[in-house]
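Hi,

Here is the structure I said I would pass on.

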Amino acid sequence: MSAAIEMPDPAASFEPHRRRLLGLAYRMLGSMADAEDAVQEAYLRWHGANRDAVSDPKAFLMTTTARICLDLLTSARARREAYVGPWLPEPVLDTPSLAPDSHTELAEDLSVALLLTLDRLSPLERAAFLLHDVFDFSFSEVAAALDRSEAACRQLAARARAHVREVRPRGAALAAAPGRIDAKHEQLLNTFIAATRSGDLAALTRLLTADVRVVTDGGGKVAAALNVLDGVDRAAPFLIGAARKGWRDDYTLRLATINDLPGVIIDSPGGVVQTTAFEIEDGRVRALYVVRNPDKLKHLK
């Protein structure tokens with residue numbers, strides 16, 4: 001007896017798959033808002049489908065969600081061309097809620113660097129790679145989902161895999177566990193905050209790698225650097241200047257894991273105003289990903 005017959009109610013039969021679908025959609029789109037829209041559309045299609053005829057609800061829903069995301073990526077690409085300044089994915093704090101069933105290093109990685117790498121792939125490469133390498137679809141299932149031959153899907157996934165291996169940072173430390181920052185990273189972040197708040201350029205410089213990269217996403221809606229800042233000589237003065245000019249007395253700081261990276265959140269009485277995720281290697285900061293676009297912070301509490 002199929003799952004659809006056992007659970008005729010569409011909502012009851014859909015809910016066990018929601019986390020997996022949301023995880024796929026977020027990785028495809030880099031936006032929680034768009035991912036939630038995609039999953040809602042998948043539910044509406046599930047509601048209208050002949051569920052008694054569906055032998056594998058998981059495969060049906062994953063395929064449906066992947067196709068919806070591919071359609072959304074077309075309009076997202078057009079919006080991206082008009083985007084002001086660097087683009088970053090929407091930050092997420094609760095990464096376990098987006099985890100696939102597998103527990104590989106790649107499946108559990110939602111770091112900003114990986115999401116930016118995925119964003120550079122073609123939509124079909126991204127879909128084939130995610131479905132096969134992260135969500136354990138067979139290539140025959142990927143072929144059915146993408147309406148391509150198995151050979152073509154193998155090539156798509158292989159190209160994507162090679163690009164991910166080439167660009168994905170090696171040795172960058174993720175958080176010790178979802179929602180928790182280890183003591184060494186906590187100390188580093190607190191020292192970083194003290195240096196930027198006090199304007200101690202020498203102290204801050206010692207915390208950064210020589211090739212540190214600072215990426216700030218304001219979306220043209222709030223103040224942010226319009227270009228990526230590469231190198232400690234550019235990054236350190238910018239960070240101190242931003243802390244001096246941007247801080248308000250009603251702001252508060254808290255440490256958190258952001259996309260599985262150690263991070264800092266700035267709150268105001270009206271909500272979150274900034275997230276900063278730190279890519280740390282060998283005890284120093286090698287990249288900072290700063291999201292200030294208020295549209296990308298609405299979902300955070």
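Arg254 is partly exposed, at 28% relative accessible area. Keep in mind that this is a predicted model. The partner of Arg254 is Asp267, and the closest N and O atoms of that salt bridge sit 2.5 Å apart. Arg254 belongs to strand S3 (residues 252-258) and Asp267 to strand S4 (residues 261-268), so the pair ties together parts that are 13 residues apart in sequence. Asp267 has a relative accessibility of 13% and counts as buried, because the cut-off for buried is under 20%.

Next up is Lys296 with Asp217. Their salt bridge has its closest N and O atoms at 2.6 Å. This one links distant parts of the chain: Asp217 is in strand S1 (residues 208-217), while Lys296 is in the segment after strand S6 (284-291), 79 residues away. Are these two buried or exposed? Both Lys296 and Asp217 are buried.

Then there is Arg18 with Glu15, a salt bridge with 2.9 Å between the closest N and O atoms. Arg18 has a relative accessible area of 31%, which makes it partly exposed. Glu15 comes out at 41% and is partly exposed too, because that class runs between the 20% limit for buried and the 50% limit for exposed.

There is also a network to look at: salt bridges link Lys221, Asp295 and Lys298.

As for the total, the count comes to 13 salt bridges.

Cheers

Technical notes: Residues are numbered from 1 along each chain as its sequence is written. This is a predicted model: local features need pLDDT of at least 70, side-chain atom pairs count only at pLDDT 80 or more; totals for chains, interfaces and linings use all residues. Side-chain values use heavy atoms; hydrogens and water are left out. A salt bridge is a side-chain nitrogen of Lys or Arg within 4 Å of a carboxyl oxygen of Asp or Glu. Buried means under 20% relative accessible area, exposed over 50%, partly exposed in between (1.4 Å probe, protein chains only). Helices (H or I, at least four residues) and strands (E, at least two) are DSSP runs, numbered from the N terminus.
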